[in-house]
Structures are given as structure tokens and as C-alpha cells.
Amino acid sequence: MYPSTFALDPESVPENGDSARFWTADRRATAVVTALRNNMGQPLADLLREAKRDVIEASRGTITYERTKDNWFVLSGYVAGRIFYRRTFLSRAGQVIATLWIEFPRDMRPCFEEAVTTMSLSFRESR
């Protein structure tokens, strides 16, 4: 589920349908959803370590919040002066890595806190 402030970019969906990008009308905020096969059988701890390294080393960002549960983790903070929120979970007995990445300017924080919560809580394995 995504809020009406975001619209699907149909050109972002590849033929295999494993990802999609959503934009706000002004394109200042984006949400990207991916679902990739976990071909290497990576455990959640390895995925978390890679995600943190990507934010801190590759993107020179800062992580201000981190939470981990049995099959998911959340990271949020700042990358390139923008707020990011990442939720990743392992689904289907660890066979699929699903990630939600939301990014928006700092000045939009009051407008997007509810949207981030809505998308995050709905981003889980369907039963």
C-alpha cells in the first residue's frame, strides 16, 4: 500500500516485475520497492551489514535509527542531505530479499512521517 501522494512510474517496472519506483508529483520524494532472489542464501545479518556499509561508506551517509527483528531490519538517516528510510525483509523462507527504500528532502519530513509509517507497516510478506 502506498499513499496517494505517490504515483507509480510505469517505466520503472522491468519485464520481470521485480521492482517499481513511485514518485511524488514534484519528484522530490521517491519510494522504490524491490524483490530479488536470495541466490546466495544470505542471512539477514549479512544483508544488514551490507546495507549499513552501503549507506556509510559508499554513500557517505549517516544512520540515525536501526531496528532488527527475526526476518527484517530498518535503517534510516541521511544520505546526500536527504532523509532515507530502508526496510528489508526475507520472505518465503529466506528465498526472496524484499526492500523498500524511501528518500525525500529534510524539509519534507513533517509531510512524510505518516506516509513512511503507512508504507512501512504495509510492506510485509503477504499470507
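This is a predicted model: local features need pLDDT of at least 70, side-chain atom pairs count only at pLDDT 80 or more; totals for chains, interfaces and linings use all residues.
Thr30 belongs to strand β3, which spans residues 30-37. With a relative accessible area of 7%, Thr30 is buried, because buried residues are those under 20%. When neighbours within four places in sequence are left aside, the residues in contact with Thr30 are Phe6, Arg21, Phe22, Trp23, Trp101, Ile102 and Glu103.

Aromatic rings form a further set of interactions. A pair of aromatic rings is described by the distance of the centres and the angle of the planes. Four aromatic pairs are counted in the model. In one of them, Phe84 and Trp101, the ring centres are 4.9 Å apart and the planes meet at 5°; the pair is therefore stacked, since planes under 30 degrees apart count as such. Phe84 is part of strand β6 (residues 82-91) and Trp101 of strand β7 (residues 96-105), so the pair ties together parts that are 17 residues apart in sequence. Phe84 and Trp101 are both buried. The rings of Phe104 and Phe112 are also stacked, because their centres lie 5.1 Å apart and their planes are at 25°. Phe104 is buried, at a relative accessible area of 3%, and Phe112 is likewise buried, at 5%. Through ring pairs, Phe104 and Phe112 are linked with Phe6 into a cluster.

Charged side chains also meet aromatic rings. The charged end of Arg87 sits over the ring of Trp72, at 4.3 Å from the ring centre. Arg106 is placed over the face of Tyr78, and here the distance to the ring centre is 3.8 Å.

In soluble globular proteins, nonpolar side chains tend to be buried together. The largest nonpolar core of the model has 20 residues, of which Phe6, Ala29, Ala31, Ile102, Phe104, Phe112 and Met119 touch the most other members. At least two residues of this core come from each of β2 (19-24), β5 (72-79), β6, β7 and α2 (109-122). Phe6, apart from residues up to four places away in sequence, touches Phe22, Trp23, Thr24, Ala29, Thr30, Ala31, Phe112, Ala115 and Met119.

Technical notes
Residues are numbered from 1 along each chain as its sequence is written. Side-chain values use heavy atoms; hydrogens and water are left out. Helices (H or I, at least four residues) and strands (E, at least two) are DSSP runs, numbered from the N terminus. Buried means under 20% relative accessible area, exposed over 50%, partly exposed in between (1.4 Å probe, protein chains only). Contact means heavy atoms within 4.5 Å. Rings of Phe, Tyr and Trp (its six-membered ring) pair if their centres lie within 6.5 Å; planes under 30 degrees apart count as stacked, over 60 as edge-to-face and the rest as tilted. A charge sits over a ring if NZ of Lys or CZ of Arg is within 6 Å of the ring centre and within 35 degrees of the ring normal. A nonpolar core is a set of buried Ala, Val, Leu, Ile, Met, Phe, Trp, Tyr and Cys residues joined through side-chain atoms within 4.5 Å.
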